[in-house]
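Hi everyone, thanks for coming.

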Amino acid sequence: MADGVVKRRGEPGEEGRLIRVGEWWKRALGSEGYERHTVLLIGKSTLAATIAWFISHHLLNAQAPAFAPFSAVLIMQVTVYQSLLQSMRYVGAVGAGVAVQAGLGFLTGPGLLTFLLVALVALTIGRWPTLGAQGSQVTTAAFFAFSTYVSATSDREKVTQLGQIILLVLIGCAIGILVNVSVVPPLRYRSAEHGIRTLAHALRDLVSDIYPALREHDVDEERTGQWRDRAARTEGLIIQARSGLRTARESLHYNPRRLFRRHRGRTSFEGYGAVLAALERVLYQVASLTRSLDQWAGNEDGYHYGPFLERYADFLESVSEITQVLAALDEDNLINQSAQLRRLADQAQQCRRRMAEQAAHKGLPLADPARPYGVLVIEAARLMEDFQYACDVLQHHAGH
C-alpha cells in the first residue's frame with residue numbers, strides 16, 4: 001500500500017517534468033528565443049570541439065590535444081564580434097603565460113622557486129584590464145606550460161611542447177570562429193526589442209496598479225510605499241535593456257547573415273536606442289511620481305482633490321495603454337504599432353490636459369512645493385513629452 005502511494009505521488013511529478021521538457025523543445029524548434037539559441041550554442045560548440053580534437057589528436061598527435069577543443073568552446077560567444085574579440089584576448093593571455101614560463105624556466109630551471117616566480121608574474125599580468133575576462137587564462141596557461149616544461153626531457157622537447165600549446169590554442173580559436181561564422185551565425189537583433197518590452201511591461205504593471213487606487217481614492221502609506229519600491233527596482237531592468245541593445249548592435253559586426261535579404265535592412269538600432277532612452281526617462285518620471293504620492297498623506301483638509309485624482313487616474317490609464325503596445329513591440333508589425341501608438345499618445349495628451357484643467361478649476365495649490373499637486377501635474381507633462389518622443393521615433397523608424 002505504501003509503495004503504491006509513493007508511486008502515485010511520483011507519477012504526476014514525472015509527467016509534469018516530461019511536459020515541461022516537451023514544451024522546452026517545442027519552443028526551441030518553433031521560434032526564435034532563449035531555447036533555440038541554447039540548442040544552437042551547444043550544437044555548434046560540440047561540432048567545434050570535435051573538429052579541434054580530431055586535428056590536434058589524430059592529425060598532429062599533440063601531447064596536450066585538449067587545448068584545441070577547450071579553446072574552440074571557450075571563444076564560442078553569443079555574437080561573432082565577441083568571438084573575435086575574446087579569441088584575440090585569449091590568444092594574448094595564453095601567449096603571455098607561456099612566455100612567462102619559457103623565460104623564467106630557461107633562466108632559473110624547473111625548481112619550486114621558478115614556479116613561485118611564474119605564479120607571481122602570471123597573476124600580475126592577468127590583472128591587465130586589456131585582457132578583460134581572459135586575464136585568468138594567463139595563469140592557467142603558465143601552470144600548464146610549467147607542467148609541460150618539467151616533464152620534458154630535453155631543451156628541444158621543452159621548446160617544442162611550449163610552442164605546441166600556442167599552436168593548439170590558435171587552431172582551437174580558428175575553428176571556433178569558423179564554426180560560429182559559418183553555422184547559423186548568431187544575429188540577436190531581437191534582443192533590442194526584448195529589452196524595450198521588458199521595461200514597458202514593468203511600467204505597465206506599475207501604472208496599472210496605481211490608477212485604479214487613485215480612481216477609488218485609496219491612497220494609503222503602505223500602498224504608495226510599495227509603488228515607490230517597485231519603481232526603484234526598475235534600475236536593474238534598465239541595465240538589462242542596455243545590455244540587450246548592445247548585444248543586438250554587436251551581432252551585426254562581421255556577421256554574414258546581415259547581407260541576406262531578410263536581414264539587410266537591420267543595419268542600425270538608432271530607433272530602438274532612442275526609444276529605450278525615452279523609456280528610461282519615463283521610468284525616472286514615474287519613480288518621481290510615486291515618491292510624490294508616498295510623501296502625500298492624503299489628508300488635504302480644505303481642498304477638494306477627489307476629482308483631480310480621478311482625472312489623474314484617467315491619464316495614467318491612457319499611459320498604461322501606450323505601455324501595453326510597447327510591451328508587445330514587434331519589428332515585423334512596427335508600422336501598425338507606430339500608428340496605434342500615435343493615436344494612444346493623442347488620447348493621453350487629452351487626458352493630461354483635462355487633468356490639469358481640473359486641478360486649476362478646483363483651485364489646488366499647484367505652486368506650493370509642500371503639496372503634491374504641482375509636482376504631479378509637471379510629472380504628467382514630462383511623461384507625455386517622453387512618450388510622444390518615443391512614438392515619433394518609432395513612427396520614423398517604421399517608415400524606413
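Okay, before anything else, one term: we call it a salt bridge when a side-chain nitrogen of Lys or Arg sits within 4 Å of a carboxyl oxygen of Asp or Glu. Keep in mind that this is a predicted model.

By that rule, we count seven salt bridges here. Let's start with R215 and D314, whose side chains meet with N and O 2.7 Å apart. D314 is in helix α12 and R215 in helix α8, so this pair links parts of the chain that are 99 residues apart. R215 also has a salt bridge to E317, again with 2.7 Å between the closest N and O atoms. E317 is in helix α12 too, so here the pair ties together parts 102 residues apart in sequence. Put together, R215, D314 and E317 make a network of salt bridges.

Are they buried or exposed? Partly exposed: R215 has 29% relative accessibility, D314 has 29%, and E317 has 26%.

Another one to find is D386 with R281, at 2.9 Å from N to O. It connects helix α14 to helix α11, across 105 residues of sequence. In this pair D386 counts as buried, at 10%, while R281 is partly exposed, at 33%.

Now to the inside. What lines it? V207, I210, V286, L289, L316, V319 and L383. Helices α8, α11 and α12 each give two or more of those residues. By class, the lining is seven nonpolar residues, with no polar and no charged ones.

Conventions. Residues are numbered from 1 along each chain as its sequence is written. This is a predicted model: local features need pLDDT of at least 70, side-chain atom pairs count only at pLDDT 80 or more; totals for chains, interfaces and linings use all residues. Side-chain values use heavy atoms; hydrogens and water are left out. On a 1 Å grid over the protein atoms alone, a cavity is a set of points where a 1.4 Å probe fits but cannot get out, and a pocket is an open set with protein on both sides within 12 Å along at least five of seven lines; lining residues have an atom within 4 Å of a point. Helices (H or I, at least four residues) and strands (E, at least two) are DSSP runs, numbered from the N terminus. Ala, Val, Leu, Ile, Met, Phe, Trp, Tyr, Cys and Pro count as nonpolar, Asp, Glu, Lys and Arg as charged, and the others, Gly among them, as polar. Buried means under 20% relative accessible area, exposed over 50%, partly exposed in between (1.4 Å probe, protein chains only).
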